[in-house]
Amino acid sequence: MYEFAVTPAVTQIRRRGVSITEVAAGSIGAELDLEAGDRIIRINGRLVRDYLDFRFQAAGETELVIEVRKASGEDWELNIERDESEDFGISFEQIVPRQCANECLFCFCKGNPETARPSLFVRDEDVRLSFLYGNYTTLTSITEDEMRRVIEQRLSPQYVSVHATDLDVRAYLLGIDKERADISGKMQQMLDSGIEIHAQVVLCPGINDREILRRTIYDLARMHPGVSSVAIVPLGLTRYLNDPRLTPVTADFCRDAIKMVSAIQKDLRGKLGTTFAFLGDEIYLKAGRMVPSRKHYGDYPQIEDGIGMVRSFTNQFQSLMRRLARSQASAARRSGTIMTGELFAPVLEQLIARMNRRFGTRLNVVAVKNEYFGGDVSVAGLLTGGDFLSARDQVSGDFVIIPKVTLKSDEPVMLDGMRFEELREKFDVPIHACDYQDLVSTIEGMAN
Ligand code: SF4
């Protein structure tokens, strides 16, 4: 029996059904007179809790009975016949995440300044978001109902933060008791039902490294192919997360981790035909090593967790250089600044320097220091508006590019609450936000 250790974040999730936010003109939804604010309660007698339920229960059905609570308070029952492929044209409210009941030593929420926007303090632990967006869960609080749902609705793959298979260590890291820390039965239940799992280890020096890490990787490898990969990412400390039980990740620590894990990877490639356990890009960069080759990453199973991002970008950049060379494009008039985090800046500097030499571009890379979070935070994704402003005097050329990942996905606002427009007004040249992928095509566009 799984304990129910999760409290709804807001009262809204106790309301029955799922709310409609938009109905496309000319769609089935519009023909049925559905409107924003209406709630779908049941489909063919089965409760609808969120849009995943709607998708699952409507999928493949050509005859449907839909129970609706209208925004006006009326209850409707709609009988529908449709072609299987016909879309309803309805958009739904976002899923409100369930929250965890852990007290992880390294929880990112503890690393935020108090003024950070509220969404950064949401301790989401939700198997639905794991399936939809690759968010990691610890499975410590998964309910029987959620487990049934994962299996019935095939919410696969699931992303699970394992951290250590040693129960004492896992319980210590998660700040819970050993009984709750033990998720072996839950993982097995998922695997037996054909749910694929990607695992994660947040590597904390002196806690789950060395032999504990070795055992964790091999224990998980025994569950391959059900457990298809493991991401090993380093602990990140901000100036607000200064728990004395945590030790910062150093260059030497990273070099040791690479040495040990490389031998395991070699062994597992021989046995499983895949690298299986992947070290985060940060570990290579902090160690002063180049990230491994394209082959190492296979089909990049953990790219959402940032694993292989540098390799993927570098390869795209090299293809861009080849394309430019073939087209003999002259980009000499392009002159601008690319801002990024301190960690990635040296890699980008090298690539851009080669491009400048070869094609006459005058692109300048600025390594922006993260003053907002402080500590050893050096990734591009956590830079804030204030950080970009502090680096303004290093800008040269006709434009500035900042990483798009620094903006909220659904709103042009940065982690310190500064809006993108506000940042734009404070620079004398246009600023563009683009992600790694866009950066390559943006540079390509400039060169033509
Ligand atoms: S599970 Fe995630 S959100 Fe919850 S305490 Fe641990 S790190 Fe924080």
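A nonpolar core here is a set of buried Ala, Val, Leu, Ile, Met, Phe, Trp, Tyr and Cys residues joined through side-chain atoms within 4.5 Å, with buried meaning under 20% relative accessible area (1.4 Å probe, protein chains only). The model is predicted, so local features need pLDDT of at least 70 and side-chain atom pairs count only at pLDDT 80 or more, while totals for chains, interfaces and linings use all residues. Residues are numbered from 1 along each chain as its sequence is written, and side-chain values use heavy atoms, leaving out hydrogens and water.

**View A. The largest nonpolar core has 113 residues.** Ile-40, Ile-66, Phe-88, Ile-217, Ile-232, Leu-246 and Phe-276 touch the most other members.

**View B. Zooming in on Ile-40 and its contacts (heavy atoms within 4.5 Å).** Leaving aside residues up to four places away in sequence, Ile-40 touches Gly-17, Val-18, Ile-20, Leu-34, Val-48, Phe-54, Ile-66, Glu-67, Val-68 and Phe-92.

**View C. Here's the shell around the ligand, with a heavy atom of each residue within 4 Å.** Cys-100, Asn-102, Cys-104, Cys-107, Phe-108, Arg-123 and Thr-138 make it up.

**View D. Helices α12 (residues 309-327) and α13 (residues 345-359) pack with their axes, lines fitted to C-alpha atoms over the stretch in contact, 11 Å apart.** The angle is about 0 degrees, so the pair counts as roughly parallel (under 35 degrees, on a scale from 0 to 180 between N-to-C directions). Among the contact residues are Phe-313 and Phe-317 of α12 and Leu-351 and Met-355 of α13.

Note on methods
Buried < 20%, exposed > 50% of the residue type's maximum accessible area, 1.4 Å probe, protein only. Helix = DSSP H or I, 4+ residues; strand = E, 2+ residues; numbered from the N terminus. Parallel < 35°, antiparallel > 145°, perpendicular 65-115°, else oblique.
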